[in-house]
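Work through the exercises below with the model open. Try each task before reading its solution.

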Amino acid sequence: MHLQGKHIVLGLSGGIACYKAAELCRAMVKEGATVQVVMTEAAAQFITPVTMQALSGRPVFDSQWDRRPDNNMAHINLSREADAVLVAPASADFMAKLLHGRADDLLSLLCLARPIATVPLLIAPAMNREMWSHPATQRNVAQLRADGSFVLDVGAGDQACGEQGDGRMLEPEEILEDLIAHFQPKVLQGRRVLITAGPTFEAMDPVRGISNLSSGKMGFAIARAAREAGAQVTLVAGPVALASPRGVLRIDVRSAQDMLQACQAQADASDILIATAAVADWRSADAAQHKIKKDGSGLPPELHLVENPDILATLAASARGRSGALFCVGFAAESQNLLELASAKRVRKDIPLIVGNIGPQTFGQDNNALLLIDAQGATELPRNSKIALARQLIARIAQYGIRTIS
Ligand code: CTP
């Protein structure tokens, strides 16, 4: 539960995207948040307060003249209780209103009245593409950001009006991911992180190949955690069936050689490399152009294998790796003697930090246990979800005083 203990004011202004706010509310509650819904009069034209009350489990506030609060100051009470105010959907009109500090309905009133230093305001715009690209809206977005609000991206695609373009509200799960990210400490703000993830696939012929059981989940969790920490993340992924974390540049590759090439192209523009990929150690020396057929002899074909390049060791041995400009973190997937084997691997690959884990106990799972090994010694991160471990690992990496060379 990523929002456990958080109290969120979910504000709805008028727009067809209000239907997505219902799903968003439910998703936030599922993540452990308490959600207080506040609606404008226009929002109530699109979705009823009854629906939002049922989903949030709390009476909805929709008027600054609501007499329920003892002090009759809903705007003060609601904004003081909140860990964040999230306006989703935020109409063009509502953003214009916020920009000017106008406060003639409860939602804009509480946005203005919130303690600006401690209660962040997140805004998920939703509107027609012409309204979104209008200079007035773009000017308002820029000014709202300059005033300290967090204006989320908009989605692109089919719009309710039948047109196509930018301006639709992000999907509920995307807004949820941005909200969760918002609460994470920005320990890697501005850093550029390159991550390898998943298995590689080494073709023997057009239909068969050598691979392994890595699911890529750990690497994807680390990519998410790095982005949450404020980093610019590039994820070089082998063949996996996972959705990309939000805000991460993903480069899909198949073989170890492709992965090396993609990483080398990115390395100069990276400050940190985290190599989680389970790279196939060998590839076919002479992959067949057509499917290898049985020849009737009953004997298997002879396979000639050659060793794949070591991506991590190659980058660690590059000028940027050796100078420390590229801080290299490796993973060690072992099946026994974790401390001993992972420590030896760290020295062999000449990297400052290696993360040991027991391969068969983690491949494909949603949790893991890690052993962090550097020159000073080893630290255990006990079994936990991969995303929780990824956040702990990112926090540790941030402590190494990584240099940024642009
Ligand atoms: N690695 C890599 N390129 C390879 C092999 C491994 O970049 N060709 C990286 C992995 O991403 C990981 C680390 O090196 O960060 C260790 O990988 P692992 O599979 O545990 O070890 P190997 O180097 O393959 O050694 P061994 O097979 O002997 O355990």
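**Exercise 1: Backbone geometry**

P89 is part of strand β3, residues 84-90. Helices (H or I, at least four residues) and strands (E, at least two) are DSSP runs, numbered from the N terminus. This is a predicted model: local features need pLDDT of at least 70, side-chain atom pairs count only at pLDDT 80 or more, and totals for chains, interfaces and linings use all residues. Residues are numbered from 1 along each chain as its sequence is written, and side-chain values use heavy atoms, with hydrogens and water left out.

Task: Find what kind of peptide bond joins A88 and P89. Then examine phi at N72.

Solution. 
1. The bond between A88 and P89 is cis, with omega about 5°.
2. N72 sits in the loop between α2 (49-56) and α3 (74-81).
3. N72 is not a glycine, yet its phi is positive, about 55°.

**Exercise 2: The largest pocket**

Task: Give the volume of the largest pocket, then characterise its lining.

Solution. 
1. The volume is about 900 Å³. A pocket is an open set of points on a 1 Å grid over the protein atoms alone, where a 1.4 Å probe fits, with protein on both sides within 12 Å along at least five of seven lines; lining residues have an atom within 4 Å of a point. Points are joined across faces, edges and corners, and the volume is the space filled by probe spheres set on them.
2. Of its 37 lining residues, A277, A278, V279, D281 and A333 are closest to the centre.
3. Elements supplying at least two lining residues each include α9 (217-228) and β16 (327-334).
4. The lining has 15 nonpolar, 14 polar and 8 charged residues. Ala, Val, Leu, Ile, Met, Phe, Trp, Tyr, Cys and Pro count as nonpolar, Asp, Glu, Lys and Arg as charged, and the others, Gly among them, as polar.
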